[in-house]
Amino acid sequence: MNSTAARAEGVTKVYGWGDTRVTALDDMSVAFARGEFTAVMGPSGSGKSTLMHCMAGLDSVTEGSVFIGDQDLSTLSDRQLTKLRRERIGFIFQAYNLVPTLSASENITLPLDLAGTKVDQSWFDSVVETLGVADRLKHRPTELSGGQQQRVAAARAMVSRPDLIFADEPSGNLDSKASADLLAFLRSAVKDHAQTIVMVTHDANAAGYSDRIVFLADGRVVDSMEGPTPERVLDRLKSLEY
Amino acid sequence: MLRVSLKGVWAHKVRLVLTALAIILGVGLISGVYVYTDTIGKAFDGIFADAYSGIDIAIGTESAFSFGEGTYLDEADFALIDDVPGVEEAYPYLQGIGVTVLDAEGEVLSSGPGPPTFVSSLSDLEGSAYDDTGGFTIAEGAYPVGSGQVAFDRGVADLGGFEVGDRVTVISDLVGRLDLELAGIAVFGEGGGLGGTKWVFFDLPTAQSVLQRPGQLSGGAVQVTPGAQIDDVVAGIQAVLPEHATVVSGQDAAEEEAAEIQAALSFFTIFLSVFGWVALFVGSFLIYNTFRIVVSQRTRELALLRALGAGARQIRGIVLLEAVTIGLIGAVLGLGFGIMLAFGLQLILPAVGIELPTATLSIKPRTVIVGLAAGTLITFFSALIPARRASKVSVMAALREDAAGPTRGGFLRRALVGAVILVLGLGGLFFGLFGDTGSGPSPIVYVGVGVGVIFLAVFVLSPLAAGPVTNLLGTVLERFTGTSGRLARRNAMRSPRRTAATAAAVTISITLVALASTLTGSIRGTLDEVLANNVDAEVVVLPAGQFGDPSAAFAPEVAERMEGMDLVADLTRIGISWGLLTVETPTGTLTDEILITGAEPNLAGFIPPDGFRGSLDPGPGEVVIEAAIADDYEIALGDSLVIEFEQSGERPFTLVGIAEGPAWAGIVAVPATDLISATGRDQHSQVYVQAVEGVTPDELKAAAEPILADFPNVAVQTFEDAQSEAEAQLNGLLNFILALLALAVVIGMLGVTNTMALAVFERTREIGLLRAVGLDRRTTRRMVRAEASIVSVFGALMGIGLGIFFGWALIKALEDLGFAVFVIPWLPSSASVAGVLGSLLFWLLATGILGILFAVYPAWRAARLKVIEAIAHL
């Protein structure tokens, strides 16, 4: 079994033409190891979100290849990409993660329902237990706090046992207590269930929960750090003159 | 401010197009009807001006009867005109109906439903004072002379492929078969026909013999001597003629006849334009809903405008101005569409056998004003409530994420208000249908207002039902479609008010569809009931091809021949004529023009009543009446009443029997001998025939047809024939009404399109999220279409419920007219198109499918959203 959950090889992403031409990713290569919690950091415009979108098959690349496991995304049709997303990738966005008409429980099983896959009840129970939302399952998103909503989103991302989860500033809209709770839950998901998580963030505290940090600037990987703590991250950010 | 409005309109072109489309279709139908009927009216004006050009004075007769044969003048009286001072020459004519032209194969010549064939005298006026009068003249061949010659108008000649000199056959209801030589072909005025009517011409003595009017005339035309005052001559002629003769100047006559046609046309105009107004009414819901959603979507934009210093009044103005702009654009395009529609009708109607005179299109200022005003005002009023809401948007809303949803307390209040309105509406409806409206407004006003108020109540109450009902519909759908069905169900439930308002537009049109279906279904049920259970005869002999004239008749020889058949056990002859029934009641005198049946003593053996009082066999001077009519006139056994006959005046009768049951519905029976003496006509309109034991209706029919072969103007019908003929007529009527309602249905469905398009726009982020977590494009489309389908079916359910209810109320109110059976036509009555279209389940299914079709565009838009952009949206 490959120890790499996903990787980008020489990926370039260009938006626009002529004067409005922007190179969001510039010949970038990066790999995310299986069972690891990786944080992607960088200033605005460094290509964090673009990298995530391309790696998740939400956006196409201009040059280079993206792999989920051994699967080259550039060879897939829209339908195959959709299928890949619901079976092998989980998402946690900064906000608006849940479908307002569905209950928490229905939101969690949504990718499985869409795929027509049966829910593994013991795994489901274990996930909602881990994320501390077991007693909120019947509630609608509007009846949940911001922190609870993000944990439900995390449970949804995990329930289909994806190869990896992309989290885009998952704690960006939360207060510090809810933020710390969520990140701790993500941390334990990686530790207890060997889940792979790639988290985009510009918050040093959030990045401190990860196993490894990849630093981006101007569409390139400029640095990385193993076993970070918030203090080390802040020091490194200063040295990178972000 | 105008610029803000116009930019608002332009920024949402789809919304503009859909909203305007509702106006275009509604205004188009109304203005199209106006233009078309105005054009026909103009053509008729021209025809009558032609017909009376050169006639100084027109003489006719007047009658108290709307449906009768008309009254006549004696030739002896007419001869007196010659001696009136100032009269140069008087030219008499006789007109009537009661002939059938046969084609070369001996079949009845027919171009489809239309007016009866007219018979008229026609003489050569060459060299007389009438040389230049309008009307019919022979264009080819010669004028008919003597009992062996006939002339046809160009239309009849073309239809039958006849040429001058051909031998032709004409069947007279009164004197039977006539073999004639076609002496000539007549044209009207400059060479056309007379509005598509069919004419058969004889010389005067022959016409009198064919119509059995010896020595009688319908009227005449008079030329005055040069210099004479027409008014004086009119007075002089009036003085020598009997009271029922009418004498007017040719110019007045042309105007009167044109006015009569205009009156008839205006009924036609109103009837057709009602469907246009219904379409606009449905459209108003679409517009209301569109603006409601738009205002809530633009809450932040509007709040920003408020924050920048726009007043509440200015905000209202912006929304209303946007509405009026769309309304005006729609109305202008609608007028254009209407003119095209009228032009198309002129081309299409003659092609399907409906011949009406044509002229260049008549676009009156009234058409333009009504069209523009209707389109603009309806949009304006529909947007009024949303505009008010917009003006109440607070500055704070610009900073908040979302506006609050409806509260529980609002629901209770809604239920109460709705219930009160519903009770008021039901009260109005039932009072109009069953109550005694006395000297107040006519019952139709109460019914109309009642129906309108009930609609209002349903729309106030429907948001309460929207949640549970769409939940139920969605649950059924979810069984088949899984997750997309569940998402659709939840989406349909998330805003009950929006769902209800969208469904409302569907509801109105489907209510009318269901009402039409229920009424035709009930009429069919009543006919089946009457024919199957209440007529004891194997076949009935009827006049053929006399489209719905119940007093059409045939010669007594028909019954004589049938009586001579071995297969026939017994028969009864029925004569039918129009009469004026007058009854003195305690509250006043009641007079109505109704059909009088001339019955033989054995009639009750053929149409056995459910029950009766007194006798079923009226003797001379006696009458038997059906119970419901007797109740209407408040008459009891032994009471006296008066029936006036067109031919012989008033006759007294005594009520000796009251019969009950659907078979006798509408029957007022006098002895056959009395009817014959009162009308001077020994002829029959129906003959019921019983076969001898063991002979089936079809066998009897097959045996009778050769015996009656030389009477092509009669038909032998089994009751299955009668059923299928009635079925065909009902289906034709239903198809016609459904075709007109189709527009309203389409507009209702456009409302669904619009709401779904706006919902997709609103839920961009949500759809992006769903796509990101694995909803593929196809399922996205299915989700949107399923929601549209649920909303449409919800609207159709309410519409079908209302339609059934209104149908039931109408049938109950019309019970007196013989509507014995109330049928809810859930299933198709037959495998025909009309049979299927008349079924309510079909419409339920159809709206579900239409919902899917009309959501194709929003669904496509939803599926096409780029996931990243959708997530980034807001």
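One salt bridge is counted between domain 3 and domain 4 of chain B. Its partners are Lys701(B) and Asp721(B), with the closest N and O atoms 2.7 Å apart. This is a predicted model. One residue pair in polar contact, with both residues at pLDDT 80 or more, is also counted between domain 3 and domain 4 of chain B. On the side of domain 3 of chain B that touches domain 4, the classes are three nonpolar, two polar and two charged residues.

Step back to the layout of chain B. Four domains divide it: domain 1 (1-57 + 270-405), domain 2 (58-261), domain 3 (463-535 + 720-874) and domain 4 (545-712). The C-alpha centres of domain 3 and domain 4 of chain B are 46 Å apart. Seven residues of domain 3 and 12 residues of domain 4 make up their contact. Together the two domains of chain B bury about 760 Å², and carbon and sulfur atoms account for 54% of that.

Now turn to the interface between the chains. Here 26 residues of chain A meet 21 residues of chain B. The buried area is about 2300 Å², with 61% from carbon and sulfur atoms. Five salt bridges are counted between chain B and chain A. One of them joins Glu106(A) to Arg490(B), with the closest N and O atoms at 2.5 Å. Polar contacts between chain B and chain A number nine residue pairs, both residues at pLDDT 80 or more.

On the chain B side, α14 (483-494), α22 (764-772), α23 (777-813) and α27 (867-872) each give two or more residues. By class, that side holds nine nonpolar, three polar and nine charged residues.

Terms used: Residues numbered from 1 in each chain as written. Chains lettered and ligands numbered in written order. Predicted model: local features only at pLDDT ≥ 70, side-chain atom pairs only at ≥ 80, totals over all residues. Heavy atoms only, no water. Contact = heavy atoms within 4.5 Å. Buried area = accessible area lost by both parts, 1.4 Å probe. Salt bridge = Lys/Arg side-chain N within 4 Å of Asp/Glu carboxyl O. Polar contact = N/O pair within 3.5 Å; in protein donor to acceptor, adjacent residues only side chain to side chain. Helix = DSSP H or I, 4+ residues; strand = E, 2+ residues; numbered from the N terminus. Nonpolar A, V, L, I, M, F, W, Y, C, P; charged D, E, K, R; others polar. Domains from an automatic or database assignment.
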